[in-house]
Amino acid sequence: MAELTELRSDRTELKDLLEQAKRPRVRVVLQNELSSVDAKIHEIERQRLQDEVASMDHEDKENPSISDSFESRQKTTREGRVQRSKITSYGFLQKPQTVTIYVDLASVGSLHRDLIQVDYGRRSLNIVINNLNGKTYELNLPNLGGEIVPEKCKYKVKPNTITVILKKARDGDWAGISATEVKEKKAREEKTRMGDLDKDKDPSESLMDLMKKMYDEGDDEMKRTIAKAWTESREKQAAGSMI
């Protein structure tokens, strides 16, 4: 998990720097590194979710009953006010027939199953975890990227993870897990394409630190690319100052 967390942080910073970068060669270097980080993240998540799916496929048990979850929530309310927290971070893996979503929550496996509620709609998913360390957690996806078959969906609770497998109504890849995600992705792509950058920010310091790190940790090809871009940039700056 530590490696995955670090890679996700690297990806976020690389995306920010890529949006700020203007010089073509710098953008190429950043895009190459971003692609490498994305590939590593995808491989880790793919392997992890494949292990989860394989484990679930070997079990014949039905989903835990949640018929008395309403009474459980009423009891929690009577015992004291519980803080609600929305879940905004989750992992997923797409296959032609399914989408697997996993949510990391420390100690969730210690809860009684009637405190965990998973509801499926034709295009929606709602997960509620009641009274986990004094909080109620909720993941609400009201508009999925495609239709699912609720009666064929299932979930499993492990010590620190909830894994949900959604059965697609039609085979094929979704453009995104949710309609909101699809819109945000298109907006980011359009912003990059149009060059709608924040001109008030000076990314030079962050770019310099990142390029130095990439040079120190990169292979020979990466080092040659960065060195060439650096040299040409300095030469152009020097030529401009002499005019």
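Guide: The discussion below concerns a predicted model, and it takes up a sheet, a residue within it, and the salt bridges.

Visitor: What makes strand E1 and strand E4 the edge strands of the sheet?

Guide: The sheet is open, and its four strands lie in the order E1-E6-E5-E4, with mixed pairing. Strand E1 (83–86) and strand E4 (116–120) are called edge strands because each pairs on one side only. From one strand to the next, the twist averages 15 degrees.

Visitor: How do you know that E5 and E6 pair, and in which sense?

Guide: Two strands count as paired if at least two bridges are found between them. Strand E5 (residues 125–132) and strand E6 (residues 135–141) have six bridges, in the antiparallel sense; therefore they meet the criterion. Among the bridge partners are Ile-127 and Leu-139, as well as Asn-126 and Asn-140. The hairpin of E5 and E6 has two residues between the strands, and Asn-133 takes a positive phi near 55 degrees there.

Visitor: How many bridges join E1 and E6, and in which sense do these strands pair?

Guide: E1 and E6 pair over four bridges, in the parallel sense. Ser-85, for instance, stands opposite Tyr-137 in E6. In general, strands of a sheet pair through backbone hydrogen bonds, in either a parallel or an antiparallel manner.

Visitor: Why is Asn-126 called buried?

Guide: Asn-126 belongs to strand E5. The relative accessibility of Asn-126 is 16%, and the term buried applies under 20%; therefore Asn-126 counts as buried. Not counting residues up to four places away in sequence, Asn-126 touches Gln-117, Val-118, Asp-119, Glu-138, Leu-139 and Asn-140.

Visitor: What makes the meeting of the Asn-126 and Glu-138 side chains a polar contact?

Guide: The two side chains are joined at 2.8 Å, and the distance limit for a polar contact between N or O atoms is within 3.5 Å.

Visitor: Why is the pair of Arg-84 and Glu-138 called a salt bridge?

Guide: The side chains of Arg-84 and Glu-138 meet at 3.2 Å, N to O. The cut-off is within 4 Å, so the pair qualifies as a salt bridge. Arg-84 in strand E1 and Glu-138 in strand E6 are 54 residues apart, and the pair links distant parts of the chain.

Visitor: Are Arg-84 and Glu-138 buried or exposed?

Guide: Arg-84 has a relative accessible area of 52%; the term exposed applies over 50%, so Arg-84 is exposed. Glu-138 has 17%, which is under the 20% limit, so Glu-138 is buried. Strand E6 is itself mostly covered, with five of its seven residues buried.

Visitor: How many salt bridges does a search of the whole structure find?

Guide: The search finds two. Glu-147 forms a salt bridge with Arg-122, where the closest N and O atoms are 3.7 Å apart. Glu-147 is in the loop between E6 and strand E7 (154–158), while Arg-122 is in the loop between E4 and E5, 25 residues apart.

Visitor: Why is Glu-147 called partly exposed?

Guide: Glu-147 has a relative accessible area of 28%.

Definitions and conventions:
Residues numbered from 1 in each chain as written. Predicted model: local features only at pLDDT ≥ 70, side-chain atom pairs only at ≥ 80, totals over all residues. Heavy atoms only, no water. Axes fitted to C-alpha atoms, helices over the stretch in contact; angles between N-to-C directions. Buried < 20%, exposed > 50% of the residue type's maximum accessible area, 1.4 Å probe, protein only. Polar contact = N/O pair within 3.5 Å; in protein donor to acceptor, adjacent residues only side chain to side chain. Contact = heavy atoms within 4.5 Å.
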